[in-house]
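Please examine the sequence and the structure below before reading the notes.

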Amino acid sequence: MMKKLLIGLFALLPTFAMAAGPSVPLLESNHDLTDNASLQRGAKLFMNYCLGCHQMQYQRYERTFRDIGIPVDIGKETLIFDGSKVGGHILNAMDTDDAAKWFGAAPPDLTLVARVRGADWIYTYLKSFYVDESRPFGVNNSVFPLVGMPHVLQELQGVPTAEFEEVEENGVVVQKVKSISTDGSGELSSDEYDQAVRDLTNFMAYVGEPSRLQSEAMGIKVLGFLVIFFILAFLLKKEYWRDVH
């Protein structure tokens, strides 16, 4: 399992190294892995808007449902759309070669994207799409310039338009995105869309490290044990050395 995870991680590195683009201040996602309601909403968004292109091939449906508090029968009925077994991995039916033809490169697996890029990067990326008619899908992204995917959440956000400013870098004047605004045609208000992006980011952060909460809880117990052990060892040392002058 660890070998597969490492292979997936290194497969993602070239894709997201290219995605770094120019320096863009990242927004804080403020994700919370203990918020099961947010994780459940994020899972719903991912299954409905992202899974058509992006897989999570190292994550299983059943593990996901159990961790974020979704009854298995409800998860199977509402979040598995292709008849996959509940114990199977989160995969889609897109052929890799066809995807490369359509998008220029096959959409990367997103199991470990939060580990590679960080939750703040995902959150900022999802809020940084703007209309650019020169691009094949009619949109660009200030975090990932020349992005090769459509803005799949546009029906929720509305049509995003960028305002540019001229900035001098290394003696060259370039245009950078100053701000992005929407036309209000989305299904969600600005605050609701922001929460939806946080929920999706939260879910992807969970998938990147599903055992994080358990690891942190175990770490606290281990530290507590070490403190108690140190106290006992110190008292024992004093007892042994009581009569030594």
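With which residue does Arg41 form a salt bridge? The partner is Asp199, and the closest N and O atoms are 2.7 Å apart; a salt bridge is a side-chain nitrogen of Lys or Arg within 4 Å of a carboxyl oxygen of Asp or Glu. This is a predicted model, in which local features need pLDDT of at least 70 and side-chain atom pairs count only at pLDDT 80 or more, while totals for chains, interfaces and linings use all residues. Residues are numbered from 1 along each chain as its sequence is written, and side-chain values use heavy atoms, with hydrogens and water left out.

**Salt bridges**

- A search of the whole structure finds six salt bridges.
- Helices (H or I, at least four residues) and strands (E, at least two) are DSSP runs, numbered from the N terminus.
- Asp199 is buried, at 3% relative accessible area, whereas Arg41 is partly exposed at 37%. Buried means under 20% relative accessible area, exposed over 50%, and partly exposed in between (1.4 Å probe, protein chains only).
- Asp67 and Arg63 also form a salt bridge, with an N to O distance of 2.4 Å. Both lie in helix H3 (residues 61-68), four residues apart, about one turn of the helix.
- Arg242 and Glu239 form a salt bridge in which the closest N and O atoms are 2.6 Å apart. Arg242 is exposed, at 54%, and Glu239 is partly exposed, at 46%.
- A network of salt bridges links Lys127, Asp194 and Arg198.

**Aromatic pairs**

- The count comes to ten aromatic pairs. Rings of Phe, Tyr and Trp (its six-membered ring) pair if their centres lie within 6.5 Å; planes under 30 degrees apart count as stacked, over 60 as edge-to-face and the rest as tilted.
- Tyr130 and Phe164 form an edge-to-face pair, because their ring centres are 5.7 Å apart and their planes stand at 85 degrees. This pair links distant parts of the chain, with Tyr130 in strand S3 (residues 129-131) and Phe164 in strand S5 (residues 160-169), 34 residues apart.
- Tyr130 is buried, at 8% relative accessibility, while Phe164 is partly exposed, at 40%.
- Phe230 and Phe234 form a stacked pair, with 6.4 Å from centre to centre and 20 degrees between the planes. Both belong to helix H10 (residues 212-240) and are four residues apart.
- One aromatic cluster is formed by Trp121, Tyr125, Phe129 and Phe144.

**Cysteines**

- A disulfide is a covalent bond between the sulfur atoms of two cysteines. The rule applied here asks for a pair of cysteine sulfur atoms within 2.5 Å, and by this rule the count comes to zero disulfides.
- The closest cysteine sulfur to that of Cys50 is in Cys53, at 8.9 Å, which is too far for a bond.
- Cys50 is buried, at 10% relative accessible area, and Cys53 is partly exposed, at 28%.

**A helix end**

- Asp95 caps the N-terminal end of helix H5 (residues 96-103), with a side-chain oxygen 3.0 Å from the backbone nitrogen of Asp97.
- Just after H5, Gly104 takes a positive phi of about 90 degrees.

Terms used:
Polar contact = N/O pair within 3.5 Å; in protein donor to acceptor, adjacent residues only side chain to side chain.
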